[in-house]
Amino acid sequence: MLSQRCRYALKALINLARADGAPRGVSVIAADENIPRKFLEAIMSDLRRGELVESARGKMGGYRLAKPSDLITFGQVIRLTDGPLALLPCVSHNFYRRCDDCPDEATCVLRRIMAEVRSEVSEILDRTTLADVLRQPAGAPIEALTALAEAQG
């Protein structure tokens with residue numbers, strides 16, 4: 001399950017993608033997306049450290065995407081905010097850790113199934129970008145977004 005932090009991060013990034021390069025203040029994003037301002041400030045700081053956004057100070061300052069929206073995937077954002085996509089640590093590509101209670105990874109049925117789940121989930125999330133979301137009409141069913149991501153990939 002996505003954390004609230006991750007959901008807010010995705011909403012903020014989509015808001016910035018819609019701004020098409022114009023800097024947006026935290027207060028504006030928070031109001032647009034109904035996100036608590038203080039919580040959003042912490043999230044934006046994490047996104048800046050993760051090199052997904054950049055910030056500028058001053059009257060015309062704010063945040064903007066650090067790279068084009070078609071280069072920022074949902075998978076990147078989720079890993080940055082919530083950690084691994086895998087349901088078991090032994091199947092994670094980026095956060096691998098052997099399970100303490102597993103005598104043999106090679107024959108573990110749970111590992112085999114969860115690796116398949118992780119592969120399918122990461123394939124979808126790693127090919128779905130912020131730009132894909134912007135190309136969807138408002139209110140389009142989620143199946144349309146998945147189909148668009150499949151067509152792009």
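This is a predicted model: local features need pLDDT of at least 70, side-chain atom pairs count only at pLDDT 80 or more; totals for chains, interfaces and linings use all residues.

Biologist: Let's begin with the strands. How do you know that strand 1 and strand 2 pair?

Modeller: Pairing asks for at least two bridges. Strand 1 (residues 53–56) and strand 2 (residues 62–65) share 4 bridges in the antiparallel sense, so they count as paired. Within that pairing, alanine 56 stands opposite glycine 62.

Biologist: And what lies between the strands of that hairpin?

Modeller: There are 5 residues between them, and glycine 58 takes a positive phi near 105°.

Biologist: Now the charges. What makes aspartate 46 and arginine 49 a salt bridge?

Modeller: The cut-off is a side-chain nitrogen within 4 Å of a carboxyl oxygen. For aspartate 46 and arginine 49 the closest N and O atoms are 2.5 Å apart, so the pair qualifies. Both residues lie in helix 3 (residues 37–49), 3 residues apart, which is about one turn of the helix. Together with Arg5 they are linked in a network of salt bridges.

Biologist: Why is arginine 49 called exposed, and aspartate 46 partly exposed?

Modeller: Exposed means over 50% relative accessible area, buried means under 20%, and partly exposed is in between. Arginine 49 has 55%, so it is exposed. Aspartate 46 has 23%, so it is partly exposed.

Biologist: Which residues form a salt bridge with glutamate 105?

Modeller: Arginine 98 forms one, with the closest N and O atoms 3.7 Å apart. Arginine 111 also meets glutamate 105 in a salt bridge, at 3.7 Å from N to O. Both values are within 4 Å, so both pairs count. By this rule the count comes to 11 salt bridges.

Biologist: Is glutamate 105 buried or exposed?

Modeller: Its relative accessibility is 15%, under the 20% limit, so glutamate 105 counts as buried.

Biologist: On to the nonpolar side. Which residues touch the most other members of the largest nonpolar core?

Modeller: That core has 29 residues, and those touching the most other members are Leu13, Leu40, Met44, Leu47, Val53, Leu65 and Leu130. Several elements each supply at least two residues, among them helix 2 (26–33), strand 2 and helix 6 (130–134). Helix 1 gives the most, with 9 residues. A second, separate core of 6 residues includes Ala86, Cys90, Cys99 and Cys108.

Biologist: What does leucine 47 touch?

Modeller: Leaving out residues up to four places away in sequence, leucine 47 touches Ala9, Leu13, Leu52, Val53 and Leu80.

Biologist: How do you know that isoleucine 78 is buried?

Modeller: Isoleucine 78 has a relative accessible area of 7%, and buried means under 20%, so the label holds. Its place is in helix 4. With residues up to four places away in sequence not counted, isoleucine 78 touches Leu2, Cys6, Gly83, Leu85 and Leu125. Isoleucine 78 and leucine 2 are 76 residues apart in sequence, yet 7.8 Å apart in space, C-alpha to C-alpha.

Biologist: One last question: which residues make the nonpolar surface patch of about 410 Å²?

Modeller: Leu87, Val109, Ile113, Val117 and Val121 make that patch. Members of a patch need over 30% relative accessible area and no salt bridge. Valine 109, one of the five named, has its place in helix 5 (residues 109–127).

Definitions and conventions:
Residues are numbered from 1 along each chain as its sequence is written. Side-chain values use heavy atoms; hydrogens and water are left out. Buried means under 20% relative accessible area, exposed over 50%, partly exposed in between (1.4 Å probe, protein chains only). A nonpolar core is a set of buried Ala, Val, Leu, Ile, Met, Phe, Trp, Tyr and Cys residues joined through side-chain atoms within 4.5 Å. Contact means heavy atoms within 4.5 Å. Patches are made of residues with over 30% relative accessible area and no salt bridge: like charges are joined within 9 Å, nonpolar side chains (Val, Leu, Ile, Met, Phe, Trp, Tyr) within 5 Å. Accessible areas come from the Shrake-Rupley method with a 1.4 Å probe; for residues, only the protein chains shown count as cover.
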